[in-house]
Amino acid sequence: MTEPILQLHDVHTYYGHIHALKGIALEVNEGEIVALLGANGAGKSTTLRAISGLLRPRQGEIKIAGRSVVGMPAHQIVYLGVSHTPEGRKIFSALSVNENLNMGAYSLGRAKSAIETHRRRVFKLFPRLEERKNQLAGTLSGGEQQMLAIGRALMSDPKILLLDEPSLGLAPLLVKAIFDTVREINQAGMTILLVEQNARAALKLANKGYVLETGSIALAGPAEQLLADERVRKAYLGEQ
Amino acid sequence: MHDLMARIQRIPYLYWALAALAVALLCPLVLDNYLLAVLWQAGIYVLLALGLTIIVGYAGLFQLGQAAFYAIGAYTVAILNIYLDVPIILGMPVAIVLAGVLGYLVSRPILHLRGDYLAIVTIAFGEIVRMLLVNNVFGITGGANGLSDIDNLSIFGFTFNTIIENYYLVLFFVVITIFGVRRLEDSRLGRAWTYVREDELAAEAMGVNTVHVKAIAFVLGSALAGLAGVLYASRISVISPELGRFLESVIIFCIVVLGGTGSIPGVFLGTFGMVVLPELFRVVRDWRDGLVGLAMVLMMIFRPAGLWPSRRVAEELSADEQEASTA
């Protein structure tokens with residue numbers, strides 16, 4: 001088997017004195033969707049921030065395609081093929097849809113034709129964005145903004161996509177649409193690390209999952225196994 | 001008033017620029033030397049404010065020490081000219097580069113800090129520069145009296161002596177600076193500044209080296225202040241530490257904010273309000289600080305994005321407002 005595209009080993013991070021991640025280990029292989037589950041404050045977003053370099057782990061190892069990235073600044077990690085859609089979307093509301101997409105392709109520099117290819121791919125995935133390409137991003141609906149955030153992340157042609165709560169604050173119908181899109185992106189060959197509160201939907205989509213509890217991995221395994229696991233069903237799927 | 005400004009702003013930018021340039025070129029035919037000197041002075045402030053526009057308007061950083069870089073440019077060219085007989089035209093690039101390098105050295109260690117800390121450090125830097133000049137550092141700045149007998153700029157045997165010649169000289173630099181600043185705004189670097197200004201974290205996550213692009217803004221803005229200092233010193237031929245006083249930095253900052261942060265036409269409007277009007281109405285001059293204060297308060301209430309806001313900044317402000325009202 002080839003080397004995993006993403007590997008974390010014994011990662012510890014701190015916010016000031018607060019020990020946020022207490023030794024996280026996980027692996028994502030090429031072509032997989034891996035779900036990262038857990039309650040609020042369990043460390044899901046923190047894990048993504050550590051991977052993309054927005055937060056520097058105090059201890060542990062993070063490897064992207066076999067290469068250690070601990071201590072590398074976030075803007076360089078982007079060039080290794082990691083694209084992070086931060087929590088709360090962080091789209092640029094005063095810029096147009098197209099300008100937001102251009103920003104996603106910042107790391108491609110002046111490769112105009114490549115940028116246009118990626119833009120066409122994003123528009124094919126989200127026709128709504130093409131209809132509104134000159135509209136200010138701040139005037140889009142919540143679902144459209146999420147599409148834009150995902151589209152922007154795809155513009156850099158990443159090897160792995162880190163998605164933080166794509167269903168956050170969306171209506172159930174839109175949540176389904178977003179998850180369908182995530183599956184579609186994955187079937188086109190994209191590796192995805194998905195952070196979700198919506199555990200059931202995420203596990204149905206994923207190949208495997210990790211359950212975080214207060215900064216440590218409490219459970220890990222293939223998605224079907226987690227879906228069937230009694231503790232998961234009780235804690236995260238709301239079953240008695 | 002609102003409608004009128006909106007309609008004026010819809011006129012294509014290029015027409016405005018060409019019309020303004022034509023008027024500026026013809027000014028010496030109709031204006032007397034006093035008014036030309038006022039416009040020359042205004043041109044110097046336009047250069048200073050364009051530099052600050054890169055830092056404050058494009059990159060969104062606070063800089064309250066622009067006058068220090070102005071003084072550094074003026075003193076560098078003067079010291080080279082007086083003690084080493086270096087002609088102004090050769091001292092000019094040295095002064096510009098030195099101002100840029102000092103801009104880098106001052107900003108680099110603190111660029112990761114939030115805006116208000118940057119403001120404090122740049123104020124402190126400005127005061128340090130002024131005090132060094134007053135205290136005759138290395139015995140070459142002339143202390144509180146400053147330096148005198150600086151040559152005029154001359155190139156290929158032509159010397160810029162008269163006010164008309166110097167007026168055109170400053171106009172030339174203003175035009176090429178505007179051209180350059182416009183090009184920057186639309187470049188990849190300009191987009192990076194927009195991303196950094198809007199959301200630094202997201203910019204970083206998209207591959208923008210945020211510290212690097214902020215440092216470039218600082219270097220370019222400081223270098224332009226250095227250029228303004230050179231042009232000032234070479235016409236007036238006498239300079240003093242007063243060039244670098246804090247009030248000058250505040251005036252330059254006010255020009256940028258009053259005119260509309262990040263807007264080039266706004267720089268001209270701001271300069272008109274902050275420099276030309278007080279000079280023309282000398283009676284009111286004693287009241288200037290009070291009037292400027294009043295104008296600033298009224299602006300924040302009625303036109304928070306400035307007299308002639310840049311399209312982008314106006315949108316950012318209204319987006320913030322929407323967010324605030326929906327939150």
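Helix α3 of chain B comprises 26 residues (33–58), which at 1.5 Å a residue should span 38 Å; the end C-alpha atoms are 35 Å apart, in agreement with that expectation. The expected span of a helix is here 1.5 Å times one less than its number of residues, and helices (H or I, at least four residues) and strands (E, at least two) are DSSP runs numbered from the N terminus. The model is a predicted one, in which local features need pLDDT of at least 70 and side-chain atom pairs count only at pLDDT 80 or more, whereas totals for chains, interfaces and linings use all residues. Residues are numbered from 1 along each chain as its sequence is written, with chains lettered from A and ligands numbered from 1 in the order in which they are written.

Helix α3(B) contains a kink of about 35 degrees, centred on Leu52(B); the bend at a residue is the angle between axes fitted to the seven residues ending there and the seven starting there. Just after this helix, Gly60(B) adopts a positive phi of about 70 degrees.

In chain A, the secondary structure amounts to ten helices and ten strands. The radius of gyration of chain A is 17 Å, close to the 18 Å that the globule rule gives for 240 residues, so the chain is as compact as a globular protein of that length. This radius is taken over C-alpha atoms, and the globule rule is 2.2 Å times the number of residues to the power 0.38. The C-alpha trace of chain A spans about 45 × 40 × 40 Å along its principal axes. Of the 240 residues in chain A, 48% are buried; a residue is termed buried if 20 or more other C-beta atoms lie within 10 Å of its own, exposed if 12 or fewer, and partly exposed in between, with C-beta atoms placed from the backbone. Contacts are defined by C-beta atoms, placed from the backbone, that lie within 7 Å. Among contacts in chain A between residues at least 6 apart in sequence, 65% join residues at least 24 apart.

Chain A includes an open sheet of four strands in the order β2-β1-β4-β5, with antiparallel pairing. Two strands are considered paired if DSSP finds at least two bridges between them. Strand β1 (residues 6–15) of chain A is joined by five bridges to the antiparallel strand β4 (residues 59–64) of chain A, and His12(A) stands opposite Gln59(A) in β4(A). Helix α1 (residues 44–52) of chain A packs on the sheet and touches β1, β2 and β4 of chain A, with a direction at about 70 degrees to that of β2(A). For such angles, axes are lines fitted to C-alpha atoms, for helices over the stretch in contact, and values run from 0 to 180 degrees between N-to-C directions.

Strands β4(A) and β5(A) run antiparallel and are joined by two bridges, and Ile64(A) has Arg67(A) in β5(A) as its bridge partner. Two residues lie between the strands of this hairpin, in which Ala65(A) takes a positive phi near 50 degrees.

Most residues other than glycine have a negative phi. Asp157(A) lies in the loop between α6 (142–154) and β7 (160–164) of chain A and is partly exposed, with 18 other C-beta atoms within 10 Å. In chain B, Ser237(B) likewise is not a glycine and has a positive phi of about 65 degrees. Ser237(B) is placed in the loop between α10 (210–236) and α11 (246–259) of chain B and is partly exposed, with 15 other C-beta atoms within 10 Å.

Helix α6 of chain A also holds Gln145(A), which counts as buried with 22 C-beta neighbours inside 10 Å. Gln145(A) and Tyr79(A) are separated by 66 residues in sequence and by 24 Å in space, C-alpha to C-alpha.

The contact between the chains takes 18 residues from chain B and 20 residues from chain A. On the side of chain B that touches chain A, the elements giving two or more residues are α8 (188–198), α9 (200–205) and α15 (311–326) of chain B. The largest share of that side, five residues, comes from α15(B). Arg191(B), found in helix α8 of chain B, touches Asn102(A) and Met103(A), not counting residues up to four places away in sequence. Arg191(B) is partly exposed, with 19 other C-beta atoms within 10 Å.

Methods
Two residues are in contact if their C-beta atoms, placed from the backbone, lie within 7 Å.
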